[in-house]
Amino acid sequence: MQTFSQYPRIFFGSGALDQLTQCRAQSVLVVTDRFFSENGTAQAVGARVPGAEVTVFGGVTPDPPVAVVAAGAAVLARCRPQALIALGGGSVLDCAKAMLYLQDLRPLFVAVPTTSGSGSEVTGFSILTHGGVKHPLVDDALRPDWAILDASLLTTLPPGLIAETGMDAVCHSLEAAAARGASPLSDALAYHAFVLCLAHLPASYRGDTAVRGEVHLAAAMAGMAFDHAGLGLCHALAHALGGRFHTAHGRLGGVLLPGVLAYNGEACAPRYAALARSAGLGAATDRLSLRNLIAAVCRLRDALGLPATLSQAGIAREELTAALDGLVQAALSDPCAASNPREAGAEDLKTILRRCMI
């Protein structure tokens, strides 16, 4: 038997931020980063809640370390808001989730993503960094109550951020489509998310703001897909590499994904072929369809100006070689590895990483 349940309630499209006027809270804590805190956006978003006293915690940093979560949790405990609004990218949303997880209170939790990639606004995942290692925290209780997807927050995104976060959504959709927990419902979300990314990410990267709402939806759909189906080796390896070398997650995913698809394809080519056909990439055989899928990912990566190798991503061969054993062990212990469709050992992961070096 399989199950599928969906939370949060999602508000999307033009004017989605207006949903905050329906929030009945006398006090609001907005969790965000320095950028939105200093330019006044965080205060303005919180002020959309009628009559609420607004507090802003703007200390979230990329790949939030446990110390930042603890600082935010202290603010949360002090002001005990009736609503918490997480405004920002995946790091902000993950930090807010962990802050709530550490406290014995549950305000209305509203996720307002300002990038299109992590899908954190709809998942029970939070990625934290401690001791140079990224640790996924997984619990259904981490899911927000509301997710507000408003493309008006995306108009000034820099191209590099669009590329990196968008490739993360691509990785989510492709890994979810073959993960051990995949189902017809998660497949429907994963397949359509991939189709939307393939169609609209290059235009968004080139500056077409009209398509960013579509990519925003795709990221949420991919998040819902992997929240139920699981992920795989691409994310397990990216977490290990990101924690060690502090390289952007989406850049790592773009490098790793083709190699992981090829490795997994030895065990589940029909699943990838089905996804490829849904995206118009099908061929006469499953193996050819998989090859077309991998080629499409590489073309998309190139169109987004993302690196094709780990060395191009800024990780020196010598440093990677020296850290290889520890990276592999970190990846194998990552929860994402458990849902990969093909069993993998240490030597398998080393082979994938070595092929991604050059």
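**Entry 1: salt bridges**

I started with D325, which forms a salt bridge with K350; their closest N and O atoms are 2.7 Å apart. This is a predicted model, so I read each value as computed from it. The pair links distant parts of the chain: I found D325 in helix α11 (residues 317-333) and K350 in helix α13 (residues 346-357), 25 residues apart. K350 is buried, at 13% relative accessible area.

Next I looked up D286, which has a salt bridge with R277, and here the closest N and O atoms are 2.8 Å apart. I checked how open each partner is. D286 is partly exposed at 28% relative accessibility, and R277 is partly exposed too, at 40%.

Then I went to D145 and R106, whose side chains meet in a salt bridge at 3.6 Å, N to O. D145 sits in the loop between β7 (133-138) and β8 (146-149), while R106 sits in the loop between α4 and β5, so this pair ties together parts that are 39 residues apart in sequence. I noted D145 as buried, with a relative accessible area of 13%, and R106 as partly exposed, with 42%.

One more item for this page: D140, R143 and D227 are linked in a network of salt bridges. For the whole structure I wrote down a count of 13 salt bridges.

**Entry 2**

In what order do the six strands of the open sheet run? I traced β1-β8-β5-β4-β2-β3, with parallel pairing. β1 (9-12) and β3 (53-60) are at the edges; each has a single partner strand, so one side of each is left without a neighbour in the sheet. On average, neighbouring strands here are turned by 20 degrees against each other, direction ignored.

I zoomed in on β2 (residues 27-33), which pairs with β3 in the parallel sense over six bridges. Within that pairing, L29 stands opposite T55 in β3.

Two helices went into my sketch as well. Helix α3 (residues 66-79) packs on the sheet and touches β2, β3 and β4 (83-88). The direction of α3 makes about 170 degrees with that of β3. Helix α4 (residues 90-101) lies across β2, β3, β4 and β5, and runs at about 155 degrees to β4.

**Entry 3: S116**

Where does S116 sit? I found S116 in the loop between β5 (108-113) and β6 (125-130). Is S116 buried or exposed? At 7% relative accessibility, S116 counts as buried.

I then listed what S116 touches. Leaving aside neighbours within four places in sequence, S116 is in contact with L154, T165, G166, R212, V215, H216 and A219. With H216 there is also a polar contact, side chain to side chain, at 2.7 Å.

**Entry 4: cysteines**

How many disulfides are there in the whole structure? My search of the whole structure turned up zero. I looked at C79, which is in no disulfide; the nearest cysteine sulfur, that of C95, is 14 Å away. C79 is partly exposed, with a relative accessible area of 27%.

C298 is in no disulfide, and the nearest cysteine sulfur, belonging to C356, is 10 Å away. At 21% relative accessibility, C298 counts as partly exposed.

How values were computed: Residues numbered from 1 in each chain as written. Predicted model: local features only at pLDDT ≥ 70, side-chain atom pairs only at ≥ 80, totals over all residues. Heavy atoms only, no water. Helix = DSSP H or I, 4+ residues; strand = E, 2+ residues; numbered from the N terminus. Buried < 20%, exposed > 50% of the residue type's maximum accessible area, 1.4 Å probe, protein only. Polar contact = N/O pair within 3.5 Å; in protein donor to acceptor, adjacent residues only side chain to side chain. Contact = heavy atoms within 4.5 Å. Disulfide = S-S within 2.5 Å. Pairing = 2+ DSSP bridges. Axes fitted to C-alpha atoms, helices over the stretch in contact; angles between N-to-C directions. Salt bridge = Lys/Arg side-chain N within 4 Å of Asp/Glu carboxyl O.
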